[in-house]
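Have the sequence and the 3D view ready as you read.

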Amino acid sequence: MRLKQYIIMPGLDEAAYPGNIGFEEMVEFYKVASKSEIKEMEKVIKKGDWNKFKELVTKVTGKDLK
């Protein structure tokens with residue numbers, strides 16, 4: 001099967017598991033976040049604070065990470 005077929009294959013979802021950092025959610029975060037929210041995210045990432053990371057993604061995108 002070619003890559004294009006995987007990309008458009010119906011019913012094929014992104015893997016979800018505890019600790020999953022959704023690529024889609026991160027792209028959406030950076031598209032809609034304010035400059036101050038992006039700066040806050042950079043600080044959170046440097047600290048390695050997973051709970052704050054999830055909280056910020058949820059606050060900005062409305063999507064909850066597991």
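## Ground rules

This is a predicted model, where local features need pLDDT of at least 70, side-chain atom pairs count only at pLDDT 80 or more, and totals for chains, interfaces and linings use all residues. Residues are numbered from 1 along each chain as its sequence is written, and side-chain values use heavy atoms, with hydrogens and water left out.

## The whole chain

The protein chain has four helices and zero strands, so its pattern along the sequence reads α-α-α-α. Here helices (H or I, at least four residues) and strands (E, at least two) are DSSP runs, numbered from the N terminus.

Of the 66 residues in the protein chain, 26% are buried. Buried means under 20% relative accessible area, exposed means over 50%, and partly exposed is in between (1.4 Å probe, protein chains only). The chain exposes about 5,400 Å², with carbon and sulfur atoms supplying 56% of that area; accessible areas come from the Shrake-Rupley method with a 1.4 Å probe, and for residues only the protein chains shown count as cover.

Now for contacts, meaning heavy atoms within 4.5 Å. Take the contacts in the protein chain with a separation of 6 or more: residues 24 or more positions apart account for 44% of them.

## How α2 meets α3

Two packed helices are described by the angle between their axes and the distance between the axes. For helix α2 (residues 23-32) and helix α3 (residues 35-47), the axes come within 9 Å and cross at roughly 140 degrees. The axes are lines fitted to C-alpha atoms, for helices over the stretch in contact, and angles run from 0 to 180 degrees between N-to-C directions. That makes α2 and α3 oblique to each other: angles under 35 degrees count as roughly parallel, over 145 as roughly antiparallel, 65 to 115 as roughly perpendicular, and the rest as oblique.

Which residues make the contact? From α2 they are F29, Y30 and V32, and from α3 they are E37, I38, M41 and I45. Six of these contact residues are nonpolar, none is polar and one is charged. In this sorting, Ala, Val, Leu, Ile, Met, Phe, Trp, Tyr, Cys and Pro count as nonpolar, Asp, Glu, Lys and Arg as charged, and the others, Gly among them, as polar.

## Two sides of α2

The buried residues of α2 are E25, M26 and F29. Look down the axis of α2 and these buried residues fall within an arc of 100 degrees, so they line one face of the helix; the arc is that of the directions from the helix axis to the C-beta atoms. They pack against α3 and α4 (50-61). On the other side of α2, you'll find F23, E24 and K31 exposed.

## A closer look at three residues

M26 of helix α2 is buried, with a relative accessible area of 15%. T61 lies in helix α4. Is T61 buried or exposed? T61 is buried, at 13% relative accessible area. Not counting residues up to four places away in sequence, T61 touches E25, E28 and F29.

K63 is in the segment after α4 and counts as partly exposed, at 30% relative accessibility. Leaving aside neighbours within four places in sequence, K63 is in contact with E24, E25, E28, V57 and T58.
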